[in-house]
Every structure is written in structure tokens, then in C-alpha cells.
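Dear colleague,

Please find below the structure that I am handing over to you. My notes on what was found in it follow directly after.

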Amino acid sequence: MNSKLLIAAALMLFSPDAVFAHDDHDHHVTEAGSIRIVHPWARAAQSGKNTLVFMNIENSGAQDVLVEAKTDAAGEARIVGVTLKDGQAAVQEIGEIEIPAGSFTLDPAGLAVELAGLTKALQKGDEFELELVFKNAGEIHLHVEVEDANARQHGHAGHSH
């Protein structure tokens, strides 16, 4: 192989853009089997309170089932439906949910993972670990980013991975 080609390849491997793309992927996208989780985020909340976790789920395979969620950040993690009740958001535990092939979203107007009894305050900019368990894809470990308490979407929404 000629030396100019080797130098060009080395520069591409160590360019700032290549490093950024790797870091960006580590923080915003997690994959296992046919499931790809993009931009998991939660709203800021005080210790002992509840918050909701949202994300985009891309399934490139056959239908899967989100069985449960686990985290050390709260006493309990459960899959819930989000509705409006007397002008306020209300949640109801729904248990396992089917994840069809294609794109599926847990968002403030539909489904979420509720974290009940937070073990510490979550402030904008914090991150915590969340584990999702799928029937086929198995366990997926996520880094969840914390947004403002009134956020309606992830701070990086609108760009692709």
C-alpha cells in the first residue's frame, strides 16, 4: 500500500469528526439485535418524586415486546400510558408493549417509562442508567439524558443518527 494512502487513512481515523461521531453514537444511540434506541431522555425532577423517560425505538426486524425497565435511579420503573386528566398529565401502568417493525416512539403524548421514587434529584444535564428488557432483543443498557422539567422533546431532536 502506498504511504500517501496510509497517511490519509490514519488522518481519517484520528480526525476530530471521526472522534465526535463515535462519542455522539455512544451517548445518543444504543443497539441490540434488531432494536435501536435513539435519544433516551427524561425530565428533571426532585429526589423522591416521579419522572418520565422518552425515546425513539427503531426495530429493523420482526415485532418484539418491551417487557420491563429497570434503574437504580428510582425505586420503581414501569411502562405507562400518558393521558390528560383535568388538564394535567396522568399516567396508567400498561405493562408489556409490542414494538412493531419500523419506528416507534415513547413520547409525552403517548407512552413512557415512569420512574417512581427517584433516589436522587435529576437536573438538566445529568445522565443516568436505564435498562430495557425486550422479549427477543434481550437487555439494552441506556444512558438517559435529563432535560428541563417542562421539556417536550430531547434537546437534540431533529438531527439524525
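**Strand β3 and its partners**

In β3, Val53 is the bridge partner of Ala42. Before going further, please note that this is a predicted model, in which local features need pLDDT of at least 70 and side-chain atom pairs count only at pLDDT 80 or more, while totals for chains, interfaces and linings use all residues. Residues are numbered from 1 along each chain as its sequence is written, and side-chain values use heavy atoms, with hydrogens and water left out.

Strand β2 (residues 35-43) pairs with β3 in the antiparallel sense over six bridges. Helices (H or I, at least four residues) and strands (E, at least two) are DSSP runs numbered from the N terminus, and two strands pair if DSSP finds at least two bridges between them. Val53 also has a bridge partner in β9, namely Val113; β3 and strand β9 (residues 111-118) pair in the antiparallel sense over three bridges. Strand β8 (residues 102-106) is joined to β3 by five bridges, and the two run antiparallel. Here Asn56 stands opposite Thr105 in β8.

Strand β3 itself (residues 51-59) is mostly covered, with seven of its nine residues buried. Buried means under 20% relative accessible area, exposed over 50% and partly exposed in between, with a 1.4 Å probe and protein chains only.

**The aromatic pair**

Rings of Phe, Tyr and Trp (its six-membered ring) pair if their centres lie within 6.5 Å; planes under 30 degrees apart count as stacked, over 60 as edge-to-face and the rest as tilted. By this rule there is one aromatic pair. Trp41 and Phe54 form this tilted pair, at 4.7 Å centre to centre and with 45° between the planes. The pair links distant parts of the chain, as Trp41 is in strand β2 and Phe54 in strand β3, 13 residues apart. Both Trp41 and Phe54 are buried.

**Asp64 and strand β4**

Is Asp64 buried or exposed? Asp64 counts as buried because its relative accessibility is 1%. This residue is found in strand β4 (residues 64-70). Leaving aside residues up to four places away in sequence, Asp64 touches Ile35, Asn59, Ile97, Glu98, Ile99, Phe134, Lys135, Asn136 and Ala137, where contact means heavy atoms within 4.5 Å. A polar atom of the Asp64 side chain lies 3.0 Å from the backbone nitrogen of Ala137. The C-alpha atoms of Asp64 and Pro100 are separated by 6.5 Å, although these residues are 36 residues apart along the chain.

Strand β4 has two antiparallel pairings to report. Three bridges join β4 to strand β7 (residues 97-99), and Ile97 in β7 is the bridge partner of Leu66. Four bridges join β4 to strand β10 (residues 127-134), where Ala69 stands opposite Leu132.

**The chain as a whole**

The protein chain has two helices and 11 strands. From the N terminus on, its elements run α-α-β-β-β-β-β-β-β-β-β-β-β. Of the 161 residues, 40% count as buried. Among contacts between residues at least 6 apart in sequence, 66% join residues at least 24 apart. The chain exposes about 9200 Å², of which carbon and sulfur atoms supply 51%; accessible areas come from the Shrake-Rupley method with a 1.4 Å probe, and for residues only the protein chains shown count as cover.

With kind regards

Methods
Polar contact = N/O pair within 3.5 Å; in protein donor to acceptor, adjacent residues only side chain to side chain.
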